Structures are given as structure tokens and as C-alpha cells.
Amino acid sequence: MTPAAVLFPIVQRSEAPTVLLTQRTTHLKDHPGQISFPGGRRESADPSPAHTALREAAEEIGLSEEQVDIVGYLPEYRTATGFRVTPVVALVTPPFDLQLDSFEVAEVFEVPLAFLLDPANHQRHSLHYRGKLRHYYAMPYGRYFIWGATAGIIMSLYRALAVGDD
């Protein structure tokens, strides 16, 4: 499996925290048009998953490392498409001026963290992929359909926080 890392950027808005997500451009080979966290493949020069996630966030959306405070990691997420993803959870301090890589990122937007962590917004779906029935989570938000690995990683945070409530 291909090692990768994503930044799970929680923006510290004064009203309430949000999560910064991207919509990938439709011409990309991997996950075209999907909603995702900033991130990507680990490069040989990357000393850690955190470095990969920060480098990719800077490349994809122009998020400066100075505005990011890494607070932890979620369990590795393995995708059906062959990626072994390490989610790097971070707090992001606004304001920030994002510069999107128009080749990779069609759009960047924020979703309230409370919406993503509310079980009422967690849907279960299934599809046949490569001859197997696969189940996945989805969290539709307005015109955005958050699903697959992105929704699965959000569910990892949800489960980690739910365990802490016990």
C-alpha cells in the first residue's frame, strides 16, 4: 500500500470550530472531484506523516505551517484504492489567505465541526467495487457529498471523542 498523510485542519473560528476541506479537480487520476482533506502521498524526503501533511497542505491550498498546531494523530486509514493514510489532526488559527493549486484543487470550503460530529448527519451507504460489496459513511453538507476516506477519517475522530465521553 502507498503511504500517505492528510491534514485534518480544525479552524478555530470565534463562533465555533470548522473543518477545512477541499474539492479535488475532476481531471485527477486518484479520487477526481471528491471532497478531501489536504494531503497526499509520502515522498522519500518526508521524515514523518506530519511533514507530509503540512507539505501537501502548503502545496495544495497555500496553508502556512506557522498557522498550524498539530494536536495528534488518528488511526491509519486504509483505502480500497491502495493508500495507507495517516490523519494528522491540527488546529488552524485564522485569518489565512489560501492560494489554491488550480491543477489539484477546485475549491476549498469549511464545514462546522459540530455538524460532522453529529450522528444525525452520519449516513451508511454501500457499493460494489472490484467485485466486492463495500460499505462507507457519507455526510452530505449542502451541495457537498463528503464520503469515502474523508468521511471514514471524520468517523475516526468521532469515535475517539465518543470514547473520551465514557
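**View 1. Glu76 and Arg78 join their side chains in a salt bridge, 3.1 Å from N to O.** A salt bridge here is a side-chain nitrogen of Lys or Arg within 4 Å of a carboxyl oxygen of Asp or Glu. This is a predicted model, in which local features need pLDDT of at least 70, side-chain atom pairs count only at pLDDT 80 or more, and totals for chains, interfaces and linings use all residues. Residues are numbered from 1 along each chain as its sequence is written, and side-chain values use heavy atoms, with hydrogens and water left out. Arg78 is exposed, at 51%. The cut-offs are these: buried is under 20% relative accessible area, exposed is over 50%, and partly exposed lies in between (1.4 Å probe, protein chains only). Glu76 also meets Arg84 in a salt bridge, at 3.3 Å from N to O. Arg84 is partly exposed, with a relative accessible area of 26%.

**View 2. Glu43, Asp46, Arg55, Glu56 and Glu59 form one network of salt bridges that share partners.** Look at the pair Asp46 and Arg55. Their side chains meet in a salt bridge of 2.7 Å, N to O. Both of these residues are buried. How many salt bridges does the whole structure hold? A search finds 8.

**View 3. Helix α1 covers residues 49-61.** Helices (H or I, at least four residues) and strands (E, at least two) are DSSP runs, numbered from the N terminus. The expected span of a helix is 1.5 Å times one less than its number of residues. For the 13 residues of α1, that should give 18 Å; the end C-alpha atoms are 18 Å apart, so the two agree. Which residues of α1 are buried? They are Ala50, Thr52, Ala53, Leu54, Arg55, Glu56, Ala57, Glu60 and Ile61. Their cover includes β1, β2, β4 (39-41), β5 (68-73), β7 and β8. Just after the helix comes Gly62, with a positive phi of about 75°.

**View 4. Phe8, Val19, Leu21, Phe37 and Ile146 touch the most other members of the largest nonpolar core, which has 25 residues.** A nonpolar core is a set of buried Ala, Val, Leu, Ile, Met, Phe, Trp, Tyr and Cys residues joined through side-chain atoms within 4.5 Å. At least two residues each come from β1 (2-11), β2 (18-24), β7 (83-92), β8 (105-112), α2 (113-117), β11 (144-147) and α3 (148-164). Which element gives the most? Helix α3 does, with 5 residues. Another core, of 17 residues, lies apart from this one; Leu7, Leu54, Val88 and Leu98 are among its members.

**View 5. Phe37 has contacts with Val6, Leu7, Phe8 and Pro9, among others.** Contact means heavy atoms within 4.5 Å. Neighbours within four places in sequence are left aside. Val19, Leu20, Leu21 and Thr22 also touch Phe37. So do Glu60, Thr150, Ile153 and Ile154.

**View 6. Strand β2 is mostly covered, with 6 of its 7 residues buried.** Two strands pair if DSSP finds at least two bridges between them. Strands of a sheet pair through backbone hydrogen bonds, either parallel or antiparallel. β2 runs antiparallel to β1, with 2 bridges between them. Here Val11 stands opposite Thr18. A hairpin of 6 residues joins β1 to β2. How many bridges join β2 to β8? There are 7, and the two strands run antiparallel. Gln23 has Glu107 of β8 as its bridge partner. Strand β3 (residues 35-36) is also antiparallel to β2, through 2 bridges. In that pairing, Thr22 stands opposite Ser36.

**View 7. Three strands, in the order β9-β10-β11, form an open antiparallel sheet.** Which strands lie at the edges? They are β9 (123-129) and β11, and each pairs on one side only. From one strand to the next, the twist averages 40°. Such angles run from 0 to 180 degrees between N-to-C directions, with axes as lines fitted to C-alpha atoms (for helices, over the stretch in contact). Strand β10 (residues 132-141) and β11 share 4 bridges in the antiparallel sense. At one of them, Ala138 is partnered by Trp147 of β11.
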